[in-house]
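Hi,

Here is the structure I promised to pass on to you. Have a look at it first, and then read on for what turned up in it.

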4 protein chains.
Amino acid sequence: MGIRVAVAGASGYAGGELLRLIAGHPELDMVAATAHRQAGAPVTAVHPQLVGLDLVFAATEPATLADADLVFLALPHGESAALAAALPETVRVVDLGADHRLRDAAAWTRYYGGEHAGTWTYGLPELPGQRAAIAAATRVANTGCYAVATTLALAPLVAAGAVDPADVVVVAASGTSGAGRAAKTNLLGSEVMGDLSPYKVGAHQHVPEIKQATGATSLSLTPVLAPMPRGILATVTAVPTGDADPRAVLARAYADAPFVHVLPEGAWPHTAATLGSNSCHLQAGVDVDSGRLIVVSAIDNLGKGAAGQAVQCANLMLGLPETMGLSVWGIAP
Amino acid sequence: MGIRVAVAGASGYAGGELLRLIAGHPELDMVAATAHRQAGAPVTAVHPQLVGLDLVFAATEPATLADADLVFLALPHGESAALAAALPETVRVVDLGADHRLRDAAAWTRYYGGEHAGTWTYGLPELPGQRAAIAAATRVANTGCYAVATTLALAPLVAAGAVDPADVVVVAASGTSGAGRAAKTNLLGSEVMGDLSPYKVGAHQHVPEIKQATGATSLSLTPVLAPMPRGILATVTAVPTGDADPRAVLARAYADAPFVHVLPEGAWPHTAATLGSNSCHLQAGVDVDSGRLIVVSAIDNLGKGAAGQAVQCANLMLGLPETMGLSVWGIAP
Amino acid sequence: MGIRVAVAGASGYAGGELLRLIAGHPELDMVAATAHRQAGAPVTAVHPQLVGLDLVFAATEPATLADADLVFLALPHGESAALAAALPETVRVVDLGADHRLRDAAAWTRYYGGEHAGTWTYGLPELPGQRAAIAAATRVANTGCYAVATTLALAPLVAAGAVDPADVVVVAASGTSGAGRAAKTNLLGSEVMGDLSPYKVGAHQHVPEIKQATGATSLSLTPVLAPMPRGILATVTAVPTGDADPRAVLARAYADAPFVHVLPEGAWPHTAATLGSNSCHLQAGVDVDSGRLIVVSAIDNLGKGAAGQAVQCANLMLGLPETMGLSVWGIAP
Amino acid sequence: MGIRVAVAGASGYAGGELLRLIAGHPELDMVAATAHRQAGAPVTAVHPQLVGLDLVFAATEPATLADADLVFLALPHGESAALAAALPETVRVVDLGADHRLRDAAAWTRYYGGEHAGTWTYGLPELPGQRAAIAAATRVANTGCYAVATTLALAPLVAAGAVDPADVVVVAASGTSGAGRAAKTNLLGSEVMGDLSPYKVGAHQHVPEIKQATGATSLSLTPVLAPMPRGILATVTAVPTGDADPRAVLARAYADAPFVHVLPEGAWPHTAATLGSNSCHLQAGVDVDSGRLIVVSAIDNLGKGAAGQAVQCANLMLGLPETMGLSVWGIAP
């Protein structure tokens, strides 16, 4: 008998990926998967990739979840806080939503609207001291997808004083699953295939999260929707402030991180190489004309950007090996 | 210390998928991965998805492979036979190439050219009696990708006398990885994205293999190249000869097969749902106008269509659980 | 001052392509483009590719359309009949919907539901005698997308007695724009990219239309959704009944058809080569194992499969050159 | 009898697009299309989208081209200069290669290698005074694809003093046709579909061209390969230096430019909306956190980024209307 886990909001893309990871995890037992409109439907009607998984969506009720040792919340922003508040303190919670990521309540209200629900331990184990903090926590706020891609590229460089924290420019492109499973015309295959287009230009809600996690004090983020189901490629540029070798700074920061890889010199990240994995691939170089430092980061937005990260946090919270049930290797081509 | 395995021809797409599966397999230890032109290069230079895998391609020499308990051959058609002949009898071999699949030497010569190298145990465990045959064999000829998709859809129906074996029409579309990793203009992303096109029309080399494996006596196969990296969707139509319920026939045939799934009524296979898995999804129905039976089959051409199937055979040959190191579930979306 | 045309249902994909073709047509003047929910919105808010086109969607009212010389109806099936009935007889109408395609009222009711609204001249100019019939008509029922791809491949062979009309098997894959612009989960980019899946298996509503247009008496059609925005590839197989050279039969049938091309021997159709054009590419061969004849047809489903065909018909009805405002050449890569 | 034009290097992607545009151009007659390895082959064997075009590739010899009124050179960088030098002065030339774009010979040598061949009139008609310069020229250096996307977004803002020319950061993603038609493993469909990856990071050869054309004095350009055949999306960020409304600056600059469109407020560019057109779509906004100005530009890399631009220049050089034979509207979806 393993550790009992449940997923609230399991009919979305991050929820489906959580179900896959939990189903293949040696120590976790799925006791409930909940949904709103899909309650009562077989999980495989929504997630045909989970063929043979004999599970029916329950309604998203606290009582259904309270029985678990650990609950993953994969709900729309703003819905996690109320549900989490209704769960016993003894139930560990990993929230894939944004409700508890920010320390700055004003920033929360500005970017998400409504009242801030409080701050939880930030679920990015690769930040200094964070692995231990997560292991000790019962409530963890999982990272945003753009936030993890950008933070892993940038945080060690800011911490090392290697770049100016006041001048960071990020352009990050994401596969369409990052926009969710709700039926919208602009997300139809006919619209997105063959297309690149920016969105939420100059005002993406992951900006305060990235600043908080990296120490950047001014950051321009332009998100782009890319014609692929999964993957984020973040191009992070900043002004170097010294002679530090950025690759060495990054390599040192992630020497003990099983999922973050500074690629061999000359190799640049490919999102396709991270598909289905919990890995982040990094490379850094200097622009010969402007002298700006360029760090590029690739992740699977549903893996290290959402569900994989959440399982990594859960492993730490439950005293399991950090890598259990997760893959370092992607599925390619 | 696990079971020692080696992969010859590990720089191609099937080879890369084999490396991924072996690296994640609890009982297999990789002792060598060989290549021709890439010999001496790090595996990750060719397969960046295997980040962190500390392995260098060796040259493809019998001596390099002879030390393994089991060798996978992922070589171009016609190259396996000579290499296999140079390996000790005690080394188990799974050949992903076509060299030893056919019993009919004349058919081999007609479709592949050259002299036939002999027949090995056919590596499709879901055929009646074949699981035991593979477990007892030291030389196994892994299935062709179109062959496995078509055979799993058709063989039980022919065996049950439910369809006329003399009138089978198959149109099967494959992702581009099925065409290999050699640089060819017609396989460039610019050419294949947004494109569907048939190839080898009326003369594909998997036809004799499918006839041998299914009992069909006349079969038209039209392969189509589809704009996606992985996946085969085979649409198999045949004339029913009785009142048998095709879904029931298929369900009975695969009751004990962990990787073959007859979908719930009304659900038709999606190749995307099989990505990265070793599963085959099946559904059957009857065309209201013509009365033809239509069976549709979806697999990952590099999974159940190649490397996954090979590992499944290896598991059987080595006395391991058939499903070890393989996933029933796909990565989606 | 040109000929005055209007488009009803201009907010869909076929409607948008009609607007593009009309805007670039030397003799046609757009006087109205109507929509339901988008009425009042600028056309470019829905169709950003028509940048600079200064036009606002009107509501779909007969009065708005009655003023035109020719009206294109690009409405959902079942909505054309009522609107057409409300237009003056003097207004020419090309209906891109299915309402008036079938001669068999029972087939209409079986496949579409509801009562049959009557039969109009069938808008496939390449059928024998049809070019003149269209030129003389004031009401034309434009072809279905799968119907035109299949009919152009098959009709001359049936007419020539070269194939058995009672045994035709078609598998036809379409890009996602064929499924329309309504927001549905199964059409999201995240779902369709990397995926092939059949739909409406064994019961597609184009079957009676194809039988009527080709003379086939029994026909199995399996439609497949393909991961690309546009294009249909139809693989048509039939049993030859004589020694006729199928390429010669096709070449003779289309000797005077500017948009239908039998490709040079050895070249098979690519849907990508038809993008944005009104062309159909054809090739034929014989399956060596089964002896079945295989004819493959490629079109742009929004071009020759919908809007292009409609403009071709309009040209004929208006006494203009058949090819005016249409391209033989596709946009590739 | 029209104006006689020829295309050298017509077997590549830009060459194929030139052939399509010329074939549809009311005033241009194609007298020769040349290639290297494909000399002697029918054009349609390489470009099946040009079905019915009865033309055979000639060898790339000056004598073949000297007879034309205007020659387009679509050759690899470094090959245009010698060929152009061998053509009579009376033959107008538009060079799609980079050989004659730069005024700074040292920059040429640094980025392209070899000796600089001299500077021609720069073929971007939308720059101030450039329309007239092109009309008066007999030798025109067509723009680079990233250069045109970036320059149209940036040049008016630098000229108006609205941004700091010393701090420009560009991340620009391109479809795969920008990488050409040579068969390379990293450009295979299997590799690029589902993938985003940067390349030539920090050292792309279009940087000096963009600086020359825009007046930027320091510019970081990170190019990204995107999973689509065509399209460039350039995200240009710069530090505002005053209160100028960037949209107003851009709108004023392109008031008379038929192909450059500042989108309505709130609408951001989509590359898919430019497919097959000669248009550039622009939008600008300000990042709320950093205060940086963000301008996004979308073009078809083979249209406004190469062949379309070249025909636009040719129209001006030949005294024809600037828009003749070119489309403002894209093909979508």
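Cys145(A) sits in helix α7 of chain A, which covers residues 145-159; helices (H or I, at least four residues) and strands (E, at least two) are DSSP runs, numbered from the N terminus. Please keep in mind that this is a predicted model, in which local features need pLDDT of at least 70, side-chain atom pairs count only at pLDDT 80 or more, and totals for chains, interfaces and linings use all residues. Residues are numbered from 1 along each chain as its sequence is written, chains are lettered from A and ligands numbered from 1 in the order in which they are written, and side-chain values use heavy atoms, with hydrogens and water left out.

Is Cys145(A) buried or exposed? Cys145(A) counts as buried because its relative accessibility is 16% (buried means under 20% relative accessible area, exposed over 50%, partly exposed in between, with a 1.4 Å probe and protein chains only). Leaving aside residues up to four places away in sequence, Cys145(A) touches His206(A), Ile232(A), Ile299(A), Asn301(A) and Gly305(A), where contact means heavy atoms within 4.5 Å.

Next, the domains of chain A. Domain 1 takes in 3-142 + 304-317, and domain 2 takes in 145-301; these bounds come from an automatic or database domain assignment. The C-alpha centres of the two domains of chain A are 23 Å apart. Their contact takes 24 residues from domain 1 of chain A and 32 residues from domain 2 of chain A.

Now for a sheet in chain A. Seven strands make an open, parallel sheet in the order β3-β2-β1-β4-β5-β7-β6; two strands pair if DSSP finds at least two bridges between them. Because β3 (58-59) and β6 (121-123) of chain A stand at the edges with a single partner strand each, one side of each has no neighbour in the sheet. Helix α11 of chain A (residues 303-317) packs on the sheet and touches β4, β5 (92-95), β6 and β7 (139-142) of chain A. The direction of α11 makes about 155 degrees with that of β7(A) (axes are lines fitted to C-alpha atoms, for helices over the stretch in contact, and angles run from 0 to 180 degrees between N-to-C directions). Within this sheet, β1(A) (residues 3-8) and β4(A) (residues 70-73) pair in the parallel sense over four bridges.

Seven of the seven residues of β10(B) (residues 219-225) are buried, so the strand is largely enclosed by the rest of the structure. Strand β8(B) (residues 163-174) pairs with β10(B) in the parallel sense over seven bridges, while β9(B) (residues 197-198) runs antiparallel to β10(B), joined by two bridges. Leu225(B) is the bridge partner of Ser174(B) and also of Ser197(B).

Finally, how do the copies relate?

Enjoy exploring!
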